Amino acid sequence: MQGLIHVYYGDGKGKTTAAMGLAMRALGAGMRVTVLQFLKNRPSSEVAMLEKLGAKVLRGQANDKFIFQMNDAEREETARIHAENFRRAAESGCELLVLDEALSAVSAGVFSQEALVAFLKGKPPAMEVVLTGHAALEPVMQQADYITHMVCERHPYARGIAARQGIEY
């Protein structure tokens, strides 16, 4: 099977949800799945389920702060962790690789766009790759076979409704 590249991007809800749904589908078909979550360190319901189903999940950063709250040393440590997790994910031998928030990590300056694009250009031919994030990075978009733009038209957060376990995380 030829592995293709999927990009789910934009400011709308559903990017990670779509990527994790595809990971569940791949696991159900007996595929080896690796999920790398950039910029996420807090517990989330989809991670627990994917691990129970046999996915390899890599995540982490210097602390639980948002990137804009980190000092330079924390940002550098987060970038180091992301680079190491990316290396491990790329070498995992999986058939589906989900790079959740990779586009946002590049935009935030804690992951290398050059490394990401070089990987996409030289990825194993049978490996399916999914990338999510807010920004449409042109060098990544040029490599993509699927591009889905998620647009927020309404979100309960604007009415003061906080993220809910099982729905947003």
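The model is predicted, so local features need pLDDT of at least 70 and side-chain atom pairs count only at pLDDT 80 or more, while totals for chains, interfaces and linings use all residues. Residues are numbered from 1 along each chain as its sequence is written, and side-chain values use heavy atoms, with hydrogens and water left out.

**First stop: Asp100**

Select Asp100, which lies in strand β4; strands (E, at least two residues) and helices (H or I, at least four) are DSSP runs, numbered from the N terminus. Asp100 counts as buried, because its relative accessibility is 0%; buried means under 20% relative accessible area, exposed over 50%, and partly exposed in between (1.4 Å probe, protein chains only).

Which residue meets Asp100 in a salt bridge? Select Lys40, whose side chain meets that of Asp100 at 2.7 Å, N to O. This pair links distant parts of the chain, since Lys40 lies in the loop between β2 (33-37) and α2, 60 residues apart from Asp100 in strand β4. A salt bridge is a side-chain nitrogen of Lys or Arg within 4 Å of a carboxyl oxygen of Asp or Glu.

**Second stop: helix α3**

Select Glu77 and Arg80, both in helix α3 and 3 residues apart, about one turn of the helix. Their side chains form a salt bridge of 2.8 Å, N to O. Glu77 is partly exposed at 32% relative accessibility, and Arg80 is partly exposed at 47%.

Select Leu99, Leu116, Val129, Leu131 and Val140, which touch the most other members of the 30-residue largest nonpolar core. Such a core is a set of buried Ala, Val, Leu, Ile, Met, Phe, Trp, Tyr and Cys residues joined through side-chain atoms within 4.5 Å.

**Last stop: Met141**

Select Met141 in helix α6, where it is buried at 11% relative accessibility. Beyond its neighbours within four places in sequence, Met141 is in contact with Val7, Tyr9, Ala136 and Ile147, contact meaning heavy atoms within 4.5 Å.
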